Amino acid sequence: MVFETISKIIKVQLPAYLKRLPLPETIGGFAKLTVSEWLRLLPLLGILALLGYLTIRPFLPKKKKQKDSLINLKIQKENPKVVNEIDIEDLNCQNVCYCRCWRSKTFPVCDKSHLKHNELTGDNVGPLILKKKIL
């Protein structure tokens, strides 16, 4: 029953609808169409516009989406303010990188999570690098 109805629409009603459309033979003929003729063309033009958009949509640039407006999503949320204090004299290695994107799984030390964060959001955050001068 459903397929018979669809078949009838495609084989009978669609060709009849297309035959009744006021399609001009030249581009200049569109300027001569009346308002009622434009209204009869509207459904077809809408479907053609939708099909055109769906065709080019995969090639349009993707917008980067920021997931949250908060910067710190999970680190020390029970504290009113997150503060980490490290004495420079206590550094064991020459260079240490500290996280500034709040995404590091080894916070406060940077694990390069900012690279994914920057790619997703278009941000440009990077680590704080402390260098120990060797005297």
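Which side chain does a polar contact of 3.1 Å join to that of S104? The partner is T106.

This is a predicted model, where local features need pLDDT of at least 70, side-chain atom pairs count only at pLDDT 80 or more, and totals for chains, interfaces and linings use all residues. Residues are numbered from 1 along each chain as its sequence is written, and side-chain values use heavy atoms, without hydrogens and water.

**View 1. Polar contacts of S104.** The side chains of S104 and T106 meet at 3.1 Å. A polar atom of the S104 side chain also lies 3.4 Å from the backbone nitrogen of F107. A polar contact is a pair of N or O atoms within 3.5 Å; within protein, one must be able to donate a hydrogen and the other to accept it, and residues adjacent in sequence count only if both atoms are side-chain atoms.

**View 2. S104 and S113 in their loop.** S104 lies between β1 and α3. S113 is found in the loop between β1 (95–98) and α3 (114–121). Helices (H or I, at least four residues) and strands (E, at least two) are DSSP runs, numbered from the N terminus. S104 is buried at 4% relative accessibility; S113 is buried at 17%. Buried means under 20% relative accessible area, exposed over 50%, partly exposed in between (1.4 Å probe, protein chains only).

**View 3. The largest nonpolar core.** Its five residues are I75, C99, C101, F107 and V125. Such a core is a set of buried Ala, Val, Leu, Ile, Met, Phe, Trp, Tyr and Cys residues joined through side-chain atoms within 4.5 Å.
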